[in-house]
Amino acid sequence: MVGKKIQKVNFNKNFHEISAWALQGVVCGIDEVGRGCLAGPLVTAAVILPPNKTNRLLKDSKLMTEEERIKASRWIAKNAWYSYGIVHHRIIDQHNIWQADLIAMKKALINLLAICPLRPQAILVDAMPLNLFDTNYRDIPVHHFPKGERLSSSIAAASIMAKVKRDEIMNKLGPLFPGYLFEQHKGYSTAQHMAAVQNLQPSIIHRASFLKKILTPAFIDPETHEKQQSLC
């Protein structure tokens, strides 16, 4: 079997940022949070850091505590341009998580460039390719590479903003759906979450396409779920 060719990245951290800053330009970092969740939206963020301005707080959001992420998000909100792209769980079910991610990333980028006075020299994405052929930004180079949050402060900033925003959303949804404990697991497939789904049946914010892959049909009542979805 021939394995997939792994893209090699041969540059130092913030290579793209430093290259753009040297020309008084900027780059845009994009990242997502919530791809693997069983419930709730997929949230992406796009961030443009000012030239020659970064912070040691900007790192992979998965390696940070909640307190560190909130502190970093406040710095980003004060010093950078940022915007979000959020897609409903039904968009994920209608298409698939890959396509939903691309839709959300494009939303975040377009929303950001509508408010930022600077046009980025490049767009940096964590791992996923992003095609802008159907937008006014098709001429901007897009670079995607693995471990983007660790190689680019712009992508790290986007991952932080997306994570903080999604956590806020799930915290607000928690009281609306008592028993699922969304405030604790944020919709990820923890043992606690799985037990709640099996005991209570899926809620209207659960991703039906994800649950079908991990739960037996007895746990999913299509008629009930469809009725609930019509209310959402």
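Residues are numbered from 1 along each chain as its sequence is written, and side-chain values rest on heavy atoms, with hydrogens and water left out. In this predicted model, local features require a pLDDT of at least 70 and side-chain atom pairs count only at pLDDT 80 or more, whereas totals for chains, interfaces and linings use all residues.

Helices (H or I, at least four residues) and strands (E, at least two) are taken as DSSP runs and numbered from the N terminus. Helix α6 covers residues 153–173, and at 1.5 Å a residue its 21 residues should span 30 Å, which agrees with the 30 Å that separates its end C-alpha atoms; the expected span is here 1.5 Å times one less than the number of residues. Of the 21 residues of α6, 16 are buried, so the helix is largely enclosed by the rest of the structure. The term buried denotes a relative accessible area under 20%, exposed one over 50%, and partly exposed one in between, computed with a 1.4 Å probe on protein chains only. At the start of α6, a side-chain oxygen of S152 comes to within 3.2 Å of the backbone nitrogen of S154. A polar contact is defined as a pair of N or O atoms within 3.5 Å, of which, within protein, one must be able to donate a hydrogen and the other to accept it, and residues adjacent in sequence count only if both atoms are side-chain atoms.

The largest pocket has a volume of about 200 Å³, where volume is the space filled by probe spheres set on the points, and grid points are joined across faces, edges and corners. Its lining comprises 14 residues, of which E32, V33, S61, K62 and Y188 lie nearest the centre of the pocket. Strand β1 (27–33) and helix α6 are the elements that give two or more residues to this lining, and the largest share, 3 residues, comes from β1. By class, the lining holds 2 nonpolar, 4 polar and 8 charged residues, with Ala, Val, Leu, Ile, Met, Phe, Trp, Tyr, Cys and Pro counted as nonpolar, Asp, Glu, Lys and Arg as charged, and the others, Gly among them, as polar.

A search of the whole structure finds 0 disulfides, a disulfide being a pair of cysteine sulfur atoms within 2.5 Å. For C116, which is in no disulfide, the nearest cysteine sulfur is that of C28, 8.4 Å away. C116 is located in the loop between α4 (97–113) and β4 (122–126) and, at 9% relative accessibility, counts as buried. Although C116 and V47 are 69 residues apart in sequence, their C-alpha atoms are 9.9 Å apart in space. C37 is likewise buried, its relative accessible area being 0%.

Most residues other than glycine have a negative phi. N14, in the segment before α1 (15–21), has a positive phi near 65° and is buried, with a relative accessible area of 10%. N52, in the loop between β2 (42–48) and α2 (66–79), also has a positive phi, of about 60°, but is exposed, with a relative accessible area of 57%.

Further pairs are separated along the chain and can be described by their C-alpha distances. S83, in strand β3 (residues 81–87), is buried at 11% relative accessible area, and its C-alpha atom is 6.0 Å from that of N111, 28 residues away along the chain. I48 belongs to strand β2 and is buried, with a relative accessible area of 0%; the C-alpha atoms of I48 and A80, 32 residues apart along the chain, are separated by 5.9 Å. G36, in the loop between β1 and β2, is partly exposed at 44% relative accessibility, and a C-alpha distance of 8.8 Å separates G36 from F210, 174 residues apart along the chain.

Note on methods
On a 1 Å grid over the protein atoms alone, a cavity is a set of points where a 1.4 Å probe fits but cannot get out, and a pocket is an open set with protein on both sides within 12 Å along at least five of seven lines; lining residues have an atom within 4 Å of a point.
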